[in-house]
Amino acid sequence: MRALEKSFGYESRSLYVERNGEITGVLPLFLVSNWIVGRCLMSTPFADYGGSCVQDEDSADALIERAKEIATYEKVDFLELRHRRCKPHPGFLGKDLYVGFACDLERDPEAGLKKLPRDTRYMIRKAEKAGLELRSGVDEQLSLFYELFATSWRRFGTPVFSRKWLETLADEFRDNIDLKLAYHQGKAVVGVLALPWGDTLFPHYAGAAGDAGPLAANNFIYWELMKDAARKGMRRFDFGRSKRGTGAYQFKSSWNMQVNTLDYQTFLVRRKVVPNFSPTNPKFELATRLWSRMPLKTTTWLGPRVVRWFP
C-alpha cells in the first residue's frame, strides 16, 4: 500500500472486516484516476493478484458489497477485483484474459528436473554448459538489473517502470525480496526480482539482454530460482500471470506448470462495457510496434510517465 501511494499517488481505499473483534478478511483497494482508464477502483494495481483475502465466504461477501457501495458513491467508471480464484459475484462481469502458472517444488533437484519437459531440460543443460554464473543481492545489482529490465520491456513494446519503483519495492520488502542475476563471461545477461512469501516464491519482475536467448539464460535462472527456493524450505513456485497468446505464456507453458484462468471480475458503474487496456488489444498494436523501435534512453525517460496510466 505504501509503495503504490509513494510511487504513483494512488489513493488507498483498502478495507477490512471483523467479527467479535477479530479481523476475518482484508481487501486492498486503490483509487486510480487518469485520462486512459478514467476513474476506477482497483485491487490491486500492478499486481498479478488482488481481491479479498478472507477466512470465510461471509467476510468476502461483506468486503465486496462494501467495495461496490464505495464505487457507486464515488461515481467511478468501474471496480476491478483481480482475484486468483473466486466465485462469481452478483453484478460483476468476468474477464478471462489472464492465466496463472504455478507448481510444487521438489526438494531433490534431480526429481524436479525429471518433471520438466524434455526440451526444457535440454535448455537448462545448454545454459549450464555455457558457464553461466549466478549472483544474489539487491543493493549491489539493482542498477544492472534495471538496465536489463528496461531493455526487455522496450523490446516487448511496453512502457517500463522507473528505477525508483524498484527501489521503493526493495525498501518496503527489505526482508522479503530477492534479486538474482546470471552472468556470462562477466556480463549480466538476465535477472529476476522475486518476492518470497510464506512457502511460495513469486518471481515478479524479469529482464534479459538480447543475447540471453542463445545462451538459454532465462531457463537457467528460473531453474536456479526453483532449486534455491526448495533448499530454503519453500514448497511452491508461482510463475505469475501471463496473457493468452503471448511469448511469456508460451515460455511458462514449457515448464509443466499448473495452469488456471484467473478470476478477474469487473463491476461497471459508469462504463457500459468491460475495459481492455492490455497491450494485446489491437487498438494498441501500432503504439507497441513504435515503442519497441524507440531509443532506450527515450523509453526509460518516457516509460515511467506512461506506465502509470495502465495499472
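Student: How many of the 15 residues of H7 are buried?
Tutor: This is a predicted model, in which local features need pLDDT of at least 70 and side-chain atom pairs count only at pLDDT 80 or more, while totals for chains, interfaces and linings use all residues. Residues are numbered from 1 along each chain as its sequence is written, and side-chain values use heavy atoms, with hydrogens and water left out. Helices (H or I, at least four residues) and strands (E, at least two) are DSSP runs numbered from the N terminus, and a residue is buried under 20% relative accessible area, exposed over 50% and partly exposed in between, with a 1.4 Å probe and protein chains only. H7 is mostly covered, and the count of its buried residues is 13.

Student: How many Å apart are the end C-alpha atoms of helix H7?
Tutor: The expected span of a helix is 1.5 Å times one less than its number of residues. For the 15 residues of H7 (residues 217-231) that should come to 21 Å, and the model agrees, because the end C-alpha atoms are separated by 21 Å.

Student: Which residue with a positive phi follows H7?
Tutor: The phi in question is near 95°. The residue that has it after H7 is glycine 233.

Student: In the protein chain, which element has the lowest confidence?
Tutor: Confidence is given as pLDDT, the predictor's score for each residue from 0 to 100. The protein chain averages 93, and 98% of the residues score at least 70. Strand E3 (residues 22-27) is highest at 98, while the lowest mean, 85, belongs to helix H9 (residues 285-292).

Student: Which two strands are the edges of the seven-stranded open sheet?
Tutor: Strands pair if DSSP finds at least two bridges between them. The order is E10-E11-E12-E13-E14-E9-E15, with mixed pairing. Each edge strand pairs on one side only, and these are E10 (133-136) and E15 (258-261).

Student: What is the average twist from one strand to the next?
Tutor: Axes are lines fitted to C-alpha atoms, for helices over the stretch in contact, and angles run from 0 to 180 degrees between N-to-C directions. From one strand of this sheet to the next, the average is 30°.

Student: Is strand E11 largely enclosed or open to the outside?
Tutor: On one face Asp178, Lys180, Ala182 and His184 are buried, and on the other Leu179, Leu181 and Tyr183 are buried as well. Seven of the seven residues of E11 are buried, so the rest of the structure leaves this strand largely enclosed.

Student: Which residue of E12 is the bridge partner of leucine 179?
Tutor: On the E10 side, E11 pairs in the antiparallel sense over four bridges, and there leucine 134 stands opposite alanine 182. Towards E12, E11 is joined by seven bridges, again antiparallel. The E12 partner of leucine 179 is leucine 193.

Student: Which glycine in the turn between E12 and E13 has a positive phi?
Tutor: Eight bridges join these antiparallel strands, and alanine 194 stands opposite proline 203 in E13. The hairpin leaves two residues between E12 and E13, and the turn residue with a phi of about 60° is glycine 198.

Student: At about what angle does H5 run to E13?
Tutor: Contact means heavy atoms within 4.5 Å. Leaving aside neighbours within four places in sequence, phenylalanine 149 is in contact with residues including Val160, Phe161 and Tyr205. H5 lies across E11, E12 and E13 (200-208), and the angle to E13 is about 75°.

Student: How many Å separate the C-alpha atoms of alanine 71 and cysteine 40?
Tutor: Alanine 71 lies in helix H2 (residues 57-73) and counts as buried because its relative accessibility is 0%. Beyond its neighbours within four places in sequence, alanine 71 is in contact with Leu41, Val76, Leu79 and Val269. Cysteine 40 is 31 residues away along the chain, and the C-alpha separation is 7.8 Å.
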